[in-house]
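Biologist: I would like to learn how to read strands and helices in a model of this kind. Could we go through it one feature at a time?

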Amino acid sequence: MVESRALVLETHNLDGEGSTLAQLIRRLRADPGFESLDELVITTTSPDAGARATLERAAGRAIRWVEMPHDASYYDQKNRGFDATRAALVLADFRAPFRG
């Protein structure tokens, strides 16, 4: 049985850099295992509705957005991202293999 999988991306170091996040998403999408993800969760303090729509188009899927305060730490963002998913297996490192 394949467990449900989610990828959580925290944007602690990327806030305000939507183009960098879009590049990351395109690179992730090129991995064949990306399609096996059940959820993509991104924590953010900044992207507006237009930027979010652009990023969802880049991902080719819906993204679960988790709003964070501007002073949220890396760990605050990661933990809130984990809490936001319903998947049994949560990947926190985009370099981790998606294949199960």
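Biologist: How many bridges join strand 1 to strand 4, and in which sense do the two strands run?

Modeller: Please keep in mind that this is a predicted model. Strands count as paired if at least two bridges are found between them; here three bridges join strand 1 to strand 4, residues 89–91, and the two run parallel.

Biologist: Which residue of strand 2 stands opposite Leu-7?

Modeller: That residue is Leu-40, and it belongs to a pairing of strand 1 with strand 2, residues 39–44, that is parallel and extends over five bridges.

Biologist: How many residues of strand 1 are buried?

Modeller: A residue is called buried when its relative accessible area is under 20%, and in strand 1, residues 5–10, six of six residues are buried. Both faces are covered, with Arg-5, Leu-7 and Leu-9 on one side, and Ala-6, Val-8 and Glu-10 on the other.

Biologist: Turning to helix 2, which of its residues are buried, and why are they placed on the same side?

Modeller: The buried residues of helix 2, which spans residues 49–59, are Arg-52, Leu-55, Ala-58 and Ala-59. They lie on the same side of helix 2 because they cover an arc of only 120° around the axis. The face turned away from that buried side carries the exposed residues Ala-49 and Arg-57.

Biologist: What follows helix 2?

Modeller: Gly-60 follows helix 2, and its phi is positive, near 70°.

Terms used: Residues numbered from 1 in each chain as written. Predicted model: local features only at pLDDT ≥ 70, side-chain atom pairs only at ≥ 80, totals over all residues. Heavy atoms only, no water. Buried < 20%, exposed > 50% of the residue type's maximum accessible area, 1.4 Å probe, protein only. Helix = DSSP H or I, 4+ residues; strand = E, 2+ residues; numbered from the N terminus. Arc of directions from axis to C-beta.
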